[in-house]
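Keep the viewer open as you read.

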Amino acid sequence: MQMKQLPNVLTVSRIVSVIVFVILATLADRPYFQNKECIFTIRLVAYLLAVLAALTDLLDGYLARRYNAISDFGALMDPLADKIFVTAAMLMAIEYRLMPAIVAFAVLAREFMVTGLRTLAAKKQVVISADRWGKLKTFLQMLMLGIAGLAWFNGADGIDYLRQAHLYISIDNFKIAIRIWFIWLAFLWVIVTVTVLSGVGYFVRYRNLYLPGKKEK
C-alpha cells in the first residue's frame with residue numbers, strides 16, 4: 001500500500017520543491033544578501049531542488065507503472081506538477097536573461113494545448129501516451145533547463161559567459177569566433193521546433209476527438 005502511494009508523494013514533493021526553488025532563486029540576487037557564502041548556499045539549494053524536481057518527474061511515472069499505482073489523484077496532479085515545474089523554471093530563466101520570452105511562450109503554449117487534448121481524451125476514455133517525439137521533447141527541455149540552471153548557479157559570471165563568451169574554431173590556420181549565445185539560441189529554437197512538431201503530431205493523430213463527423217477509434 002505504501003509503494004502505491006509513493007508516486008503521489010513524489011508528485012506533491014515536486015510541487016513543493018518547485019515553490020521553494022522559485023522563492024530561493026528570487027531571493028538569491030536581492031541586495032540585502034551581501035555575504036557571498038550565503039548567496040552561494042541559496043543558489044546551491046535552489047539548484048539542487050530543481051534537479052530533484054526533475055528527477056522525481058522521471059521516478060514517479062516509473063513507480064506508478066512498476067507497481068500499478070495509477071490513481072485519479074496522480075492522473076490529475078502529475079501533469080500539473082510537470083507544467084508547474086517547466087513554467088517556473090522558464091520564468092526564472094527569462095528573469096535572469098537566459099532565454100527569450102518567445103521561446104518560453106512557444107513551449108508553454110504547446111504544453112497547455114496538449115494537456116487540454118489529454119483532458120478531452122480522458123472524458124472519452126482514450127489514453128494519449130507519450131510518443132518518441134514527446135519523449136525527445138522532454139529530454140531536450142530538461143537538458144535546456146539544466147544548462148540554464150548551471151549558468152544561473154554560477155551567478156553573473158555564468159550568465160555573462162553564456163551571453164558574451166566565444167567559441168573559437170580553427171580551420172587551416174583560419175580562426176572563427178562564434179558567440180556561445182548564438183549557439184545557445186540555435187539550441188533553444190531546435191527545442192521549440194521539436195516541441196511544436198510533437199504537439200502538432202498529437203492533434204493530427206487524435207483529430208477524431210475534436211473534429212465533428214469523426215468517429216472515435
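R110 forms a salt bridge with E111, and their closest N and O atoms are 3.5 Å apart; a salt bridge here is a side-chain nitrogen of Lys or Arg within 4 Å of a carboxyl oxygen of Asp or Glu. Both R110 and E111 are buried, where buried means under 20% relative accessible area, exposed means over 50%, and partly exposed lies in between, with a 1.4 Å probe and protein chains only. Before going further, please note that this is a predicted model, in which local features need pLDDT of at least 70 and side-chain atom pairs count only at pLDDT 80 or more, while totals for chains, interfaces and linings use all residues. Residues are numbered from 1 along each chain as its sequence is written, and side-chain values use heavy atoms, with hydrogens and water left out.

E111 has another partner: a salt bridge joins E111 to K83, with the closest N and O atoms 3.6 Å apart. This pair links distant parts of the chain, since E111 sits in helix α4 and K83 in helix α3, 28 residues apart. Helices (H or I, at least four residues) and strands (E, at least two) are DSSP runs, numbered from the N terminus. E111 has a relative accessible area of 5%, so it counts as buried, and K83 is also buried, at 12% relative accessibility. Taken together, K83, R110, E111 and K137 are linked in a network of salt bridges.

How many salt bridges does a search of the whole structure find? The search finds five. One of them pairs D82 with R14, whose closest N and O atoms are 2.8 Å apart. D82 belongs to helix α3 and R14 to helix α1, so this pair ties together parts that are 68 residues apart in sequence. Both D82 and R14 are buried.

Now step back to the whole chain. The chain holds seven helices and two strands, and along the sequence they follow the pattern α-α-α-α-α-α-β-β-α. Along the principal axes, the C-alpha atoms fill a box of roughly 60 × 45 × 30 Å. Of the 217 residues in the chain, 39% are buried. Among contacts (heavy atoms within 4.5 Å) with a separation of 6 or more, 72% are between residues 24 or more positions apart.

On the charge side, the chain has 24 positive and 14 negative side chains, and the centres of the two sets lie 9 Å apart. Lys and Arg count as positive and Asp and Glu as negative, while His and the chain ends are not counted. Each charge is placed at NZ of Lys, CZ of Arg, CG of Asp or CD of Glu.

Which residues make the nonpolar surface patch of about 480 Å²? The patch is made by V12, V16, I19, V20, I23 and F73. Patches consist of residues with over 30% relative accessible area and no salt bridge, joining like charges within 9 Å and nonpolar side chains (Val, Leu, Ile, Met, Phe, Trp, Tyr) within 5 Å. Helix α1 (residues 2-27) gives the most to this patch, with five residues. I23 is found in helix α1 and is partly exposed, with a relative accessible area of 47%.

Finally, look at two places in the backbone. Most residues other than glycine have a negative phi. R97, although not a glycine, has a positive phi of about 60°. R97 lies in the loop between α3 (72-95) and α4 (101-123), and with a relative accessible area of 45% R97 is partly exposed. Q125 is also a residue other than glycine with a positive phi, near 60°. Its place is the loop between α4 and α5 (132-153), where Q125 counts as exposed at 76% relative accessibility.

Definitions and conventions
Accessible areas come from the Shrake-Rupley method with a 1.4 Å probe; for residues, only the protein chains shown count as cover.
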